[in-house]
Amino acid sequence: ETGYQRRVHGEIIPNLVKYSPDTILLIVSNPVDILTHVAWKLSGLPSNRVLGSGTYLDTSRFCVLLGQKLNVSPQSVHGWIIGEHGDSSVPVFSTLNLAGVRLSGIPCEELVAVHRQVVEAAGTIIRLKGCTNWAIGQAVAKIVSVILDDEQLVVPVSVNCNGHYGIKEDVFLSLPSVLGRHGVDRVVTLPLSDHEQTQFREAARKLAEVHHGVADKL
């Protein structure tokens, strides 16, 4: 599947950039982190103008589920899921808060269970109705509006993580990023725990191996 998508990207992206050199590329197709890296390589664009939907939807679901558990609006729950959009995504429990107050009262095993629900959400939806469309459609519409309206909003999207948390190569994973009319304005550095940093670096290492294999075929 990735090979087919890579070929499609190869047919579309160079011409897209040729005729629209100021474009910003937002990649949504899965595996989104790998294909965002492919799009960046094929486009020749600065990395701030190539991003993927990444863990935007995962983070939204995470906050919704926690809001339901706490009986508050998800807009008041401030949490992040970073890293790979997939099984190895990293829930950032260390900075999780409700309107600025640390959520220290929820047992860790309950938070882990909520994260597992997030990871399994897409599979559950596909099993029940055959596809996922509405949620990712709303997520993409929001990301696009943030860019078009130059909102400078911090959202978790797949970006080039080189230079962040000790990563020393080009690999695309989700981190909280300020988005505006020029794409990714900057990446926000979360004060991750040692365990969270280890998880994030391990995800980066594994994805970098995949990136190298894909890059050899570009």
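**View 1. Helix H3, from residue 56 to 70.** Helix H3 (residues 56-70) runs for 15 residues and reaches 21 Å from first to last C-alpha, close to the 21 Å expected at 1.5 Å a residue; the expected span is 1.5 Å times one less than the number of residues. Helices here are DSSP runs of H or I with at least four residues, and strands are E runs of at least two, numbered from the N terminus. This is a predicted model, in which local features need pLDDT of at least 70, side-chain atom pairs count only at pLDDT 80 or more, and totals for chains, interfaces and linings use all residues. Residues are numbered from 1 along each chain as its sequence is written, and side-chain values use heavy atoms, with hydrogens and water left out.

View 2. Among the buried residues of H3 are Tyr56, Phe62, Cys63 and Leu66; buried means under 20% relative accessible area (1.4 Å probe, protein chains only). Their cover includes helix H4 (108-129), helix H5 (134-148) and strand S8 (153-160). Just after H3, look for Asn71, with a positive phi of about 60°.

**View 3. Helix H2 and its end.** H2 has 12 residues, and 10 of them are buried, including His37 and Trp40. Gly44 follows H2 with a positive phi, near 75°.

**View 4. Leu45 and its neighbours.** Leu45 sits in the loop between helix H2 (32-43) and strand S2 (50-52). Its relative accessible area is 7%, so Leu45 is buried. Leaving aside residues up to four places away in sequence, Leu45 touches Val17, Pro21, Thr23, Leu25, Trp40 and Val50 (contact means heavy atoms within 4.5 Å). Leu45 and Pro21 are 24 residues apart in sequence, with 8.4 Å from C-alpha to C-alpha.

Key: Buried < 20%, exposed > 50% of the residue type's maximum accessible area, 1.4 Å probe, protein only.
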